[in-house]
Amino acid sequence: QVQLVESGGGLVQAGGSLRLSCAASGFTISSYTMGWFRQAPGKEREFVAAINWSGGYTVYADSVKGRFPISRDNAKNTVTLQMNSLKPEDTAVYYCATRAPTYSGSDYSKSYEYMYWGQGTQVTVSS
């Protein structure tokens, strides 16, 4: 059974840091681009960051560039999003996702291209 399980969310003050992890099971992530998305209350789900199969290519939303480095450990079947300098506007449910291999373009931001999704983890940043 394919599963993506996010962890590491919580409540943090503005300026603080959180480290989100995504653990995959039922498949091996090493062949896939992996991404993070988020959804704030009343808003549509939006792209945050993604990393290609080897970790050699990463893409970020402008809103998190320079603050949220994404990384992966294929041996451990995990993906990590290090969230630094958090802002209240980063408050959202964060989702890990696996991009379908049928898509080969370098724009990793389209949510419809992702075939597996986790259940999400809540991140709340207080001002």
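Are E113 and R99 buried or exposed? E113 is buried, and R99 is buried as well; buried denotes under 20% relative accessible area, exposed over 50% and partly exposed the range in between, with a 1.4 Å probe and protein chains only. This is a predicted model, in which local features need pLDDT of at least 70 and side-chain atom pairs count only at pLDDT 80 or more, while totals for chains, interfaces and linings use all residues. Residues are numbered from 1 along each chain as its sequence is written, and side-chain values use heavy atoms, with hydrogens and water left out.

**Nonpolar core**

- The largest nonpolar core has 35 residues, of which W36, L81, M83 and Y94 touch the most other members. Such a core is a set of buried Ala, Val, Leu, Ile, Met, Phe, Trp, Tyr and Cys residues joined through side-chain atoms within 4.5 Å.
- At least two residues of this core come from each of β3 (18-25), β4 (34-39), β5 (46-51), β8 (78-83), β9 (92-99) and β11 (121-126). The largest share, 5 residues, is supplied by β5. Strands are DSSP runs of E with at least two residues, numbered from the N terminus.
- Leaving aside residues up to four places away in sequence, Y94 touches a set that includes W36, L81 and M83, and also E6 and R38. Contact here means heavy atoms within 4.5 Å.

**Salt bridges**

- The count comes to 6 salt bridges, each being a side-chain nitrogen of Lys or Arg within 4 Å of a carboxyl oxygen of Asp or Glu.
- R38 and D90 meet through their side chains in a salt bridge, at 2.9 Å from N to O. Because R38 belongs to strand β4 and D90 to the loop between β8 and β9, the pair ties together parts that are 52 residues apart in sequence. Both residues, R38 and D90, are buried.
- A network of salt bridges links R38, E46, R67 and D90.
- In the salt bridge of E113 with R99, the closest N and O atoms are 2.8 Å apart. E113 lies in the loop between β9 and β10 (114-117) and R99 in strand β9, so this pair joins parts 14 residues apart in sequence.
- D62 and K65 also form a salt bridge, at 3.1 Å from N to O; D62 is exposed, with a relative accessible area of 68%.

**Aromatic rings**

- One aromatic cluster consists of F37, F47, Y114 and W117.
- The charged end of R45 sits over the ring of Y95, 4.1 Å from its centre, and R45 also lies over the face of W117, at 4.5 Å from the ring centre. The criterion is NZ of Lys or CZ of Arg within 6 Å of the ring centre and within 35 degrees of the ring normal.

Terms used: Helices (H or I, at least four residues) and strands (E, at least two) are DSSP runs, numbered from the N terminus. Rings of Phe, Tyr and Trp (its six-membered ring) pair if their centres lie within 6.5 Å; planes under 30 degrees apart count as stacked, over 60 as edge-to-face and the rest as tilted.
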